[in-house]
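The following exercises concern one structure and are each followed by a worked solution. Please study the sequence and the model before reading on.

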Amino acid sequence: MTSRVRLLAVVFVAALAALLLWAPWNNRNPLDQGKQIYLTVSEPRCAICHTLRDAGAIGEVGPDLDALKPDQARVKTAVTNGIGVMPAFEALTPAQIDAVSLYVSTVAGKKK
Ligand code: HEC
């Protein structure tokens, strides 16, 4: 093996390893992740205050999200800053807020 071939082999194997390590993250469906956040990860949980059929949630404190059908930006603003008695979710990362916003805006108002 010439050293150049060996170098290529090393680079190839390293790239493959990086891809394998990264793939499970990349494959995590953001909608599933958003649903998890809605139901369990958020504190307090969205589900105790908001009705959302897709999540099987019945909450009477905040507006029924199936009726409101907010777009992603509206959910994101509410979760980031809080609104009325709804708190800002400072413990969620920006990626988690994106995921839950995508989830709610995608499923709200859909039949299940
Ligand atoms: C403690 C109860 C409570 C929790 C927990 C809660 N909300 Fe709310 N939410 C409310 C209330 C009350 C309002 C109405 C606020 C108002 O309009 O004054 C609201 C409003 C909203 C709105 C509408 C915002 C707008 O622009 O009108 C969205 C979207 C929303 N919540 C999503 C979420 C999501 C997603 C979560 C979880 C990360 C969550 N909420 C958690 C009580 C809650």
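**Exercise 1.** How many residues surround the ligand, and which are the closest?

*Solution.* The model is a predicted one. Around the ligand there are 22 residues, and Cys-46, Cys-49, Gly-62, Gly-84 and Met-86 are the closest. Next, sort this shell by class: 17 of its residues are nonpolar, 4 are polar and 1 is charged. Finally, consider where the shell comes from. At least two residues each are supplied by α3 (46-49), α5 (72-81) and α6. The largest share, 4 residues, belongs to α5.

**Exercise 2.** Determine at what angle helices α2 and α6 pack, and describe their contact.

*Solution.* Two packed helices are described by the angle between their axes and the distance between the axes. For α2 (residues 30-41) and α6 (residues 94-107), the angle is about 95° and the axes are 7 Å apart. Angles of 65 to 115 degrees count as roughly perpendicular, so α2 is roughly perpendicular to α6. The residues that meet include Pro-30, Leu-31, Ile-37 and Tyr-38 in α2, and Ala-99, Val-100, Tyr-103 and Val-104 in α6. By class, this contact of α2 with α6 comprises 10 nonpolar, 4 polar and 1 charged residues.

**Exercise 3.** Which residues of α6 are buried, and what covers them?

*Solution.* Begin with the helix itself: α6 has 14 residues and spans 20 Å from its first C-alpha to its last, close to the expected 20 Å. Its buried residues are Ile-97, Ala-99, Val-100, Ser-101, Tyr-103, Val-104 and Val-107. Their cover includes α2, α4 (65-68) and α5. Just after α6, Gly-109 adopts a positive phi of about 85°.

Conventions:
Residues numbered from 1 in each chain as written. Predicted model: local features only at pLDDT ≥ 70, side-chain atom pairs only at ≥ 80, totals over all residues. Axes fitted to C-alpha atoms, helices over the stretch in contact; angles between N-to-C directions. Parallel < 35°, antiparallel > 145°, perpendicular 65-115°, else oblique. Contact = placed C-beta atoms within 7 Å. Nonpolar A, V, L, I, M, F, W, Y, C, P; charged D, E, K, R; others polar. Near = placed C-beta within 6 Å. Expected span 1.5 Å × (residues − 1). Buried ≥ 20, exposed ≤ 12 C-beta atoms within 10 Å, placed from the backbone.
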